[in-house]
Structure formats: C-alpha cells, structure tokens
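Please examine the sequence and the structure shown here before reading the briefing that follows.

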Amino acid sequence: MRGFLEFLGDQAHLVWRTLRSGLALRSGQLAVVGGQTKLQIRFTGLDAGVLVMGTALLLGAVTLIQAFSQLSGLGAENYIGTLMVLIILRELGPLLTAVLVIGRSATAIAAELGAMQLNGEVDALAVHGVDPYRYLLLPRWLGVLVSVFALVVFFDAAALGGGFLVARLKYGVTWGFFMESVRQALSNRDFAATLLKVVFISGAITFHACHFGLRVQRSQTEIPQAVTRTVVSALVAVFVIDGLIAALLYF
Amino acid sequence: MIQARGVTCEAPDGRCLLERMDLQVPEGGNLLVTGPSGSGKSRLLRVLAGTERPRSGALRIAGIAVWPGDGALPLAGRVRLGFAFAAGGLLSNLSLEDNVALPLRFLGLGKPEVARRTADALARLDLEAVAGLRPHAVSGAARKHTNLARVLALEPQLVLLDDPLDGLDTVDRAVALELIRAWAGNSGRTLVVAAEDAQAFPWLASNSIQLALAATSPEPR
C-alpha cells in the first residue's frame with residue numbers, strides 16, 4: 001500500500017513539474033521543445049497510423065460479422081449504428097489505441113529514458129541548464145496526447161469503414177443509411193467521453209513510461225524491467241481510467 | 001561561489017567517502033580534488049553539480065540552495081554551470097555539434113550566436129571533422145573533447161571537470177590542458193578539477209584550494 005501511494009505521489013510530482021516547466025517555457029526554447037514534440041508525434045502517431053487503421057478496419061468488419069451472425073433475422077441492420085457506437089466508438093476505439101500506443105511508444109519512451117539515465121544524459125541536461133522536465137517530459141506528453149487523439153479519430157473512422165464494408169457486401173446497406181444509423185446512436189456525451197479518455201490515457205501512458213524509465217539507476221538489466229513494469233502498470237491505469245469515465249458518464 | 005557545510009557522501013556499497021566536509025570556494029577561485037580511484041572524486045563533483053544528493057549536509061552555489069533542495073534545477077537561468085563528465089554525458093541521439101549547441105539554444109540565444117559559439121568551441125577542440133557524427137561513432141577522446149567544447153561554448157561561471165585528461169593522447173591532452181589553463185587563469189570563472197594525479201596540473205597546484213581524498217576500502221559485512 002505504501003509503495004502504491006509513493007508511486008501515486010511520484011506520478012503527481014512528475015505531472016506537476018512538467019506542467020510547471022511548460023508554463024514557464026520561454027519563447028527562445030519553443031523551437032527546441034517543438035522539435036522534440038514533432039519527433040514524438042512522428043514516432044507515436046504517424047508511424048503507428050497504418051497499424052492502428054489496419055487493426056481498426058479488421059475489428060470493425062469482424063464486429064459486424066459476429067453481430068449479424070447472432071442477430072440475423074431479427075432486423076439486425078437496424079442496430080448497426082448502435083452496435084458500432086457502443087462497441088467501437090465508446091469503448092474499443094480509445095482502449096485498443098491505448099494498448100497499441102503502450103506496446104509501441106510507452107515501451108520505447110521507458111527504454112530510451114532508462115538508457116539516457118544510465119549514460120548520464122539526464123544529469124548532463126540538468127547541469128547545463130536544460131530542464132529535463134521541459135526537454136524530455138513535456139514534448140513526450142504533448143506528442144503522445146496529439147498522437148493518441150489523432151489515432152483514436154483514425155481508428156474510429158477505419159472501424160466504421162470496416163463495418164460498412166461488411167454491411168454493404170452482406171446486406172446491401174447504403175452509405176447514407178449506415179452513417180445515419182451511426183449518427184442517431186451518437187451523442188455529445190460520447191464525444192466528451194472520448195476526449196476525456198484521450199487526455200487521461202495519454203497522460204497515464206506518458207508518465208508511467210517516464211516514471212519507470214527515469215528510475216533506472218545502476219545497470220542495463222534494469223531497462224527491460226522498466227519496460228515490463230511500464231506495460232503492466234500503464235495497461236492497468238488505462239483500464240481503470242476507461243472504467244471510471246464510463247461509470248462517470250454512463251452509469 | 002561554492003559553499004558546502006557538513007557534506008557527507010557514501011558509496012553505493014555504504015562506504016563513507018566524505019564525512020562532514022566544509023568547503024568554501026570564492027568566485028573566480030580554483031579547487032583541485034585529488035585522490036585514488038574510488039575515493040569519491042566523481043561523486044563529490046556530482047554533488048557539487050547538483051545531480052547527486054549527499055547523505056547529509058548543505059550546499060549552496062552562488063547563494064542558491066542546491067542541497068537540501070532540487071539539485072541543479074534551481075540553478076537553470078541563474079548560474080551558468082558547465083560539467084565535463086569523465087564518461088558519457090553526451091546525448092546519444094544528437095550529433096556532437098547539436099550536443100554543444102543544445103544548452104545555448106535553451107538559453108534563448110539567437111541562431112547566429114549559437115552557430116558562432118558552437119563553431120568556435122568545436123574548432124578550439126579540433127572537432128570540426130567529426131562535428132556531424134553522433135557520440136557512438138567517434139573515439140573516446142573526441143567524446144571527452146566534446147564535453148569540454150560544450151562547457152567552453154556555454155561560457156559558464158562555474159566549471160566542473162571530472163578527470164578531463166584521462167584516456168587522451170599527447171596531442172589531445174595538450175589541447176585540453178591549454179583550455180583548462182585558460183579557465184584557471186580567468187578571475188571571473190570558478191574552476192573545479194578532479195584528477196587522480198595533481199602532477200598534470202602544476203600551474204593549478206599553486207593557485208588553488210586542494211582537497212585530497214583518501215582511499216577507502218569496502219567494510220566487511
């Protein structure tokens with residue numbers, strides 16, 4: 001219990017210091033921090049785009065195939081929109097995107113920061129007036145935030161595309177009918193839930209990775225341990241956040 | 001510039017390396033820390049740089065509390081500090097040139113000023129030919145020189161050098177020594193050098209505070 005509270009305290013400390021360093025950002029430092037943020041967006045967002053959209057396309061198609069196989073004859077095509085919104089847009093979109101980002105980026109951030117810590121790079125930054133919170137943590141947070149938001153949007157779009165393909169090929173559903181069905185099932189609350197999930201999930205992913213990466217102190221063997229802890233801990237955090245937001249908005 | 005009171009440092013195995021050390025180095029003064037390998041020279045420098053917390057004691061740099069406190073972070077933007085590490089310390093995903101330029105960019109200097117200072121520092125340390133390469137692609141001597149070039153370009157008020165001549169051949173050593181000698185003679189700059197052998201810095205021995213650390217052996221458990 002004490003360890004868990006210490007972990008929470010450390011997470012809050014990281015968030016607070018990073019926020020504070022972001023608010024104190026000087027105009028001359030914008031280019032450096034912006035450059036690092038762009039790199040993070042390229043790695044976390046752009047490079048993962050095909051993987052995320054491919055996964056979403058298949059998931060959308062499989063969801064409709066399975067749903068129709070169970071509900072055929074009951075007028076299942078009338079529930080297409082509700083199914084897609086309930087299963088994909090509300091839950092699986094943010095959740096699976098987070099899982100993919102943890103697998104690709106959180107692991108990389110933890111390993112990179114761990115190696116930097118061992119090599120004395122983090123100390124060198126601090127000594128030479130380069131605030132590590134501003135140079136290392138802030139760009140990663142912003143980069144992951146922008147990337148997760150973009151990936152969730154593309155995930156949802158690709159999943160809807162996959163679902164539409166199945167609906168079109170198997171039941172001859174038109175694009176207009178499909179989109180109208182989705183639109184009717186969507187509410188402003190779904191948009192708010194997705195935005196909240198993106199903000200909290202991207203923060204949890206980044207700060208879990210930074211916490212475990214920066215704790216590496218003595219040997220190379222700590223790096224894989226930090227990566228494993230990051231994955232397990234970030235996954236738990238993401239599921240907890242998802243559950244809390246669902247309970248808050250839909251319960 | 002440096003005010004340390006009752007600083008106690010321990011090795012990772014629990015050995016006491018420094019016990020209740022009091023130290024005052026005035027602005028523009030020099031400090032030469034000598035001692036055999038494992039005596040705690042590097043650890044003392046990291047404590048002075050604000051990257052390693054001492055077991056106990058207080059440290060102020062230019063009147064700013066470093067320990068107890070947030071280490072080097074409060075010094076950013078208030079005291080310019082340069083540290084040439086004995087090993088590592090360069091960002092592995094940046095070229096040597098970018099390693100030298102990064103602290104200058106963070107200071108908010110204009111692009112022409114950053115380019116001028118970086119080019120001058122690289123030229124002074126004979127690094128122009130390898131400036132575009134990353135640390136892993138150059139020799140250990142070039143990495144050591146890049147550490148010095150970063151310090152030189154930053155024009156710091158406090159310079160900390162950890163074994164700056166270790167692993168350098170005669171030519172590289174001469175280049176580094178010339179630079180360190182210039183720093184030692186600058187009355188506006190405080191210099192701290194940690195080295196196993198004080199003989200390499202005869203001119204520093206005569207105008208510096210000297211701190212000789214004794215070898216300690218692991219305690220039987």
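**Briefing on chains A and B**

With 221 residues, a compact globule would have a radius of gyration near 17 Å, and chain B, at 17 Å, agrees with this; the radius is taken over C-alpha atoms, and the globule rule is 2.2 Å times the number of residues to the power 0.38. This is a predicted model, in which local features need pLDDT of at least 70 and side-chain atom pairs count only at pLDDT 80 or more, while totals for chains, interfaces and linings use all residues. Residues are numbered from 1 along each chain as its sequence is written, and chains are lettered from A and ligands numbered from 1 in the order in which they are written.

**Chain B**

- The C-alpha trace of chain B spans about 50 × 35 × 35 Å along its principal axes.
- Chain B has six helices and nine strands, these being DSSP runs numbered from the N terminus (helices H or I, at least four residues; strands E, at least two).
- Of the 221 residues in chain B, 46% are buried; a residue is buried if 20 or more other C-beta atoms lie within 10 Å of its own, exposed if 12 or fewer, and partly exposed in between, with C-beta atoms placed from the backbone.
- Strand β6 (residues 81-84) of chain B is covered on both faces, with B:L81 and B:F83 buried on one side and B:G82 and B:A84 buried on the other.
- Four bridges join β6(B) to the parallel strand β7 (residues 158-162) of chain B, where B:V159 stands opposite B:G82; strands pair if DSSP finds at least two bridges between them.

**Helix α2 of chain A**

- In α2 (residues 30-46) of chain A, the residues A:V33, A:T37, A:Q40, A:T44 and A:G45 are buried.
- Seen down the axis of α2(A), these buried residues fall within an arc of 100 degrees, so they line one face of the helix; the arc is that of the directions from the helix axis to the C-beta atoms.
- A:A31 and A:G35, on the other side of α2(A), are exposed.

**Interface between the chains**

- Chain A places 15 residues in contact with 25 residues of chain B, a contact being two C-beta atoms, placed from the backbone, within 7 Å.
- Helix α5 (residues 121-127) of chain A supplies the largest share of the side of chain A that touches chain B, namely five residues.

**Nonpolar core**

- The largest nonpolar core has 136 residues, and A:I205 and B:V193 have the most contacts inside it; such a core is a set of buried Ala, Val, Leu, Ile, Met, Phe, Trp, Tyr and Cys residues joined through C-beta atoms within 7 Å.
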